[in-house]
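Hi,

Here is the structure I promised to pass on. Have a look at it first, and then read my notes below.

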Amino acid sequence: MTERTLATAPNVAVNRLTLLRVLFSAHDGSGNSAALERVTVDDVRWLVNQGLASYVYLKLRDTSLGARLPAEAQAALRMAYSADALREALQHQEAAATVLSALREAGVETVLMKGMALASTVYPNARSRPKGDLDLWIQPEQRLEAIAALESVGYRRRDKETRPVAWRLLYGGEQQMVSDRPGSGLVELQWPAIRHEWLRQTARVEHGDIWRRRRPIVVEGQPTHVMALEDMLIHVCVHHAINHSFGQPWLRAFLDVHLMAQKEIDWEAFVER
């Protein structure tokens, strides 16, 4: 590490920590808003890598603090948000008009998971939570109907050699469905929702109870479901810790947890489950 890096690295960390305190404080952050004047384009790139650029952009816009950013940082943040917003619009169209519509017509019940579920429930704006693929929990007995429904609208199966169908039917798994249509182009049909070989060996997950507690939700006119908030919080924590080993974007995962914790969670039920 060079002498210059040693000198600047602590300042970068302090600036970003102060920035996060402004963004995630309960008040409007105006007391520490001077920190925004030190935000650089590199800081914006860091926010993009952490999956936070759109959330930050909307937070600053809604609190009128965005004007405190240097012009270059404002432009970079606005560009990042625009890219996320376009991607989100295409994903929402794909999810509602194509995927959820086809599955509903086939009589397949679905539960939204991860990014789409969080964006539709706990985030202040669906565009403030970037999403990857579309994750849907279905019942295994409806697997073939779900696959056929998505194939009828242009999706095709993509299988992993390391996860043969027989294994997935025995222990649970996922069926990836891909297409070339605008959006994420990837739908993962999953059963059950919470699974991992390590978890299967160490814990008892009452999947039937989680399914029964699901809550109805409507996405762009299409009815579907999400988990009960307590179950969603457990699922997000397990998924980030076990499936992703606290990898990138780790800060967005903590924001997911933070926003869920601000809702009316039954903490006794959470601990019991």
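Which backbone oxygen lies 2.9 Å from a polar atom of the side chain of R195? The oxygen belongs to P192. Before going on, a word of caution: this is a predicted model, where local features need pLDDT of at least 70 and side-chain atom pairs count only at pLDDT 80 or more, while totals for chains, interfaces and linings use all residues. Residues are numbered from 1 along each chain as its sequence is written, and side-chain values use heavy atoms, leaving out hydrogens and water.

Back to R195. You'll find R195 in the loop between strand 5 (186-191) and helix 8 (197-202); helices (H or I, at least four residues) and strands (E, at least two) are DSSP runs, numbered from the N terminus. The R195 side chain also makes a polar contact with the side chain of Q190, at 3.1 Å. A polar contact is a pair of N or O atoms within 3.5 Å; within protein, one must be able to donate a hydrogen and the other to accept it, and residues adjacent in sequence count only if both atoms are side-chain atoms. If you skip neighbours within four places in sequence, R195 is in contact (heavy atoms within 4.5 Å) with G172, G173, E174, Q190 and N243.

Now for the inside. The largest nonpolar core has 68 residues, and L136, V187 and L189 have the most contacts inside it. Such a core is a set of buried Ala, Val, Leu, Ile, Met, Phe, Trp, Tyr and Cys residues joined through side-chain atoms within 4.5 Å, and buried means under 20% relative accessible area (1.4 Å probe, protein chains only). Helix 4 (residues 71-105) gives the most to this core, with nine residues. Again leaving aside neighbours within four places in sequence, the contacts of L189 include L136, I138, A146 and I147.

Helix 2 (residues 41-49) is worth a look too. Its residues D43, V44, W46 and L47 are buried. They sit on the same side of helix 2, because they cover an arc of only 155° around the axis (the arc of the directions from the helix axis to the C-beta atoms). T40 caps the N-terminal end, with a side-chain oxygen 3.3 Å from the backbone nitrogen of D42. Just after helix 2, G51 takes a positive phi of about 70°.

Finally, the whole protein: there are 12 helices and seven strands, and buried residues make up 47% of the 273 residues.

Cheers

Key:
Buried means under 20% relative accessible area, exposed over 50%, partly exposed in between (1.4 Å probe, protein chains only).
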